[in-house]
Amino acid sequence: MMQADNRDKFTYKVLKGNVSIQVDGLVSPGEWSSISTFSKFINKWPIDTGIASAQTQVKITYDDQYLYVMAKCQQKREDLVIQTLKRDNSTGYWGSDAFAFIVDPINQRSNGFLFGVTAGGAQMEATLNMGRVRTEFDENWDTKWFSATAVYDDHWVAEMAIPFNAIRYNPQNLNWGVNFVRNDMKNNVYSTWAHVPLGFPGIDLGHMGSLQWNNIPATSGKKIILIPYASGGLGQDFEENEDPKSSGDIGLDAKIAISSSLNLDLTVNPDFSNVDVDRQVTNLSRFSIFFPERRGFFLENSDLFTNYGTFGITPFFSRTIGLHDGDPVPILFGARLSGNLTQHLRVGIMDIQTSGNDEVDPSNYFVTAIQHQVLKRSRIKALITNRQASQSNESESAQDYNRTGGLEFDYISENGKLLATAKYHSAFDENNLDKNTYYTIGGGYNDGRFFGGFYYNHVGENYVSDLGFVPRLEHEDPVADTTIRVGFNRINSWAGYVHRPKNGKINNMEFNPWNVLFFNDNGDFMERITGFAFEMSMKSRQRFFLEIENNEIQLQVPADLIDDDTPLPIDRYNNTFVSARWRTDNRKTISASFGLGAGSFYTGDRKELSVTVNYRKQPWGNLSFSYTQNRVDLGELYGETVLHLLGPSAEISFSNSMFWTTFLQYNTQDENFNINSRFQWRYKPMSDIFLVYSENYATTNLAVKNRGVVFKMTHWLNL
């Protein structure tokens, strides 16, 4: 079934209700009786044919303020799986019995929203966007909406009330894209109302049905949301022999609806003390690791700014603002305008001012992103970034800047199977250096069974984006105690096949070979990575992974991979590593994953062991223990080490609005032992109280480095 047919075949006419809807999970007599029903959900995964065995009935109506959704989901009470009661937990959500409402109000198959709720009442809202390859979702986006669930002997009910001012739309557009995704954990099946082929996620924006309106409530005047906060804390830095210090702060975020499809976000003195800390990993590569953005101000419509570049080459990365080497840099204020100017034109304009600290000067960060839809699903995109130092001496300030500009074209065929892209960016600073461009050309194909693609990338040695993330450009030389830039060309090719047996215990088997080749502008060899991956998914939700990778490297500078006194010299090395992982059924009370890997590593060898065990007390508790060990032996001359990464955690959900999460991270590579414990009470929708305690210790002698406690209160106020 082609994507274009869905909006003709799967249609629903939404009518204004004449009875007040109470969002309580209890379908009172007469409350929904006059509303027509969506039914006959279709299997989505592991097969995409046939009617789902556990059916779902859905009804939609509205009044002047809210869009209401009701879902009746067939499933016996004793067969329900509820991983957690905590909201915005994507892993827990997709592993639980749940129902999601997917909507594309602009109806351009490029952006939308997801509102989901589990049988246990845990909410998850997310923005959807057409990413570099497939529809992606970001559950870090937050908005105020309401839901309730009720469980009965042979079914469970979800009711939702979504404010019209929570989603961006054009009141003149009377056709919206719509779909629903149902999670059936007992049968390990996902189903949808509108057909979504295998090879595409159930949330795919290109395979939606049509929600047809007679009229849509228009927003009356400007909608303003204020989110003030107050915080206070007590901390002590033992490494600097400081006395305990108290702190306190206030700040404000604001959301102003310029139109029903265009939003202005403002922030003054934002505070991110309640944001989850990064989960640490062992890094045995020569380059920095990518950590995702978690701060709320940067998240709504974030795809407008972030979906540029390609894998490992990111022209804009919001974590470069307000953070330096992992430490916060105070943000004084910021503004961001984002949304649709017309049905086909999306814009994003962001300006942020930081105050700086001892290591970083005060700076202004300005970003403009434009995306215009052409053909059916393709886009022409433009991006401009500017970092300008804000020093008191204006002449000095004018000479300290970094700017980038780029154009991109992303082609997506109407059925979503074929993708192609062309990108060109340049970077500029006060030195006016050449070799300052980045460009990409390539494409891919995926029909659910066969997939493959080819990309060619070029990054000049002076393509330096202060607001971007291109880790392979920088090579740290421990001998000369400096960092050099080396431009590169990358050819990336891959292919694969997914086999889905019709009978037996296996859902699918995926075979995926790939090859990546790097060389410099002179044509000299830099690196080659050739690999093969095999993945098997069982009907029991067990999964098995096998990967073989051969990596040939011509070091550009000496490399210190394990903090040894003798770095590896410039030479050509050939590494082969074989790894296997097995994950058990996470529906069980106790689940686990195990991994083993071994192979050559530069002048020696490396062995890796990983294990994670999780105990789940449905629905309120998850206790987890994870451990990863890397044993590296580079020979007598270059040293050996054993790196440990230990991470036990506990997550307790007292209700759908009160949570306590504690995790420990013992990382011998970073020589740090971290404890982080966070209590959150959502005392009103989108209004929270946080209490966060953290400590850091040295791993060598467990001497305390620092500790602190922070209290924070936020309140969501509609004007």
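Okay, let's start with a ring and a charge: Arg403 lies over the face of Tyr401, 4.0 Å from the ring centre. For "over a ring" I need NZ of Lys or CZ of Arg within 6 Å of the ring centre and within 35 degrees of the ring normal. There's another one of these, where the charged end of Arg295 sits over the ring of Phe272, 5.3 Å from its centre.

Quick housekeeping before I go on. This is a predicted model, so local features need pLDDT of at least 70 and side-chain atom pairs count only at pLDDT 80 or more, while totals for chains, interfaces and linings use all residues. Residues are numbered from 1 along each chain as its sequence is written, and side-chain values use heavy atoms, with hydrogens and water left out.

As you know, a pair of rings is described by the distance of the centres and the angle of the planes. The rule here: rings of Phe, Tyr and Trp (its six-membered ring) pair if their centres lie within 6.5 Å, with planes under 30 degrees apart called stacked, over 60 edge-to-face, and the rest tilted. That gives 40 aromatic pairs. One of them is Phe38 with Trp193, edge-to-face, at 4.6 Å centre to centre and 85 degrees between the planes. The two partners are 155 residues apart, with Phe38 in the loop between β1 (11–16) and β2 (42–45) and Trp193 in the loop between β12 (189–192) and β13 (209–213). Strands and helices, by the way, are DSSP runs numbered from the N terminus (helices are H or I, at least four residues; strands are E, at least two).

My cut-offs are under 20% for buried, over 50% for exposed and partly exposed in between, with a 1.4 Å probe and protein chains only. Both residues also belong to one aromatic cluster, together with Phe10, Tyr12, Phe41, Phe99, Phe101 and Phe180.

On to polar side chains. Arg168 is in the loop between β10 (155–163) and β11 (175–184), and it's buried, at 11%. What does the side chain of Arg168 make a polar contact with? The side chain of Asn263, at 3.0 Å. The Arg168 side chain also reaches the backbone oxygen of Asn165 at 3.4 Å. By polar contact I mean a pair of N or O atoms within 3.5 Å; within protein, one must be able to donate a hydrogen and the other to accept it, and residues adjacent in sequence count only if both atoms are side-chain atoms.

Asn667, in strand β39 (residues 658–667), is buried at 0%. Its side chain makes a polar contact with the side chain of Gln280 at 2.8 Å, and the backbone nitrogen of Asp670 lies 3.4 Å from a polar atom of the Asn667 side chain.

Now salt bridges, meaning a side-chain nitrogen of Lys or Arg within 4 Å of a carboxyl oxygen of Asp or Glu. The structure holds 31 of them. Take Asp153 and Arg77, with the closest N and O atoms 3.5 Å apart. Asp153 sits in the loop between β9 and β10 and Arg77 in the loop between β4 and α2 (90–94), so to speak two distant parts of the chain, 76 residues apart. Asp153 is exposed at 58%, and Arg77 is partly exposed at 41%.Then there's Glu125 with Arg87, where the closest N and O atoms are 2.9 Å apart. Glu125 is in strand β7 (residues 123–130) and Arg87 in the loop between β4 and α2, 38 residues apart. Here Glu125 is buried at 0%, and Arg87 is buried at 10%.

Asp410 is buried at 9%, as is Arg379 at 3%.

Let me finish on the surface. Leu234, Leu691, Tyr693, Val709, Phe711 and Met713 form a nonpolar patch with about 480 Å² of accessible area together. Patches take residues with over 30% relative accessible area and no salt bridge, joining like charges within 9 Å and nonpolar side chains (Val, Leu, Ile, Met, Phe, Trp, Tyr) within 5 Å. The areas are Shrake-Rupley with a 1.4 Å probe, and for residues only the protein chains shown count as cover. Which elements give two or more residues to the patch? β41 (687–697) and β42 (704–714), and β42 gives the most, with three residues. Tyr693 is in β41 and counts as partly exposed, at 31%.
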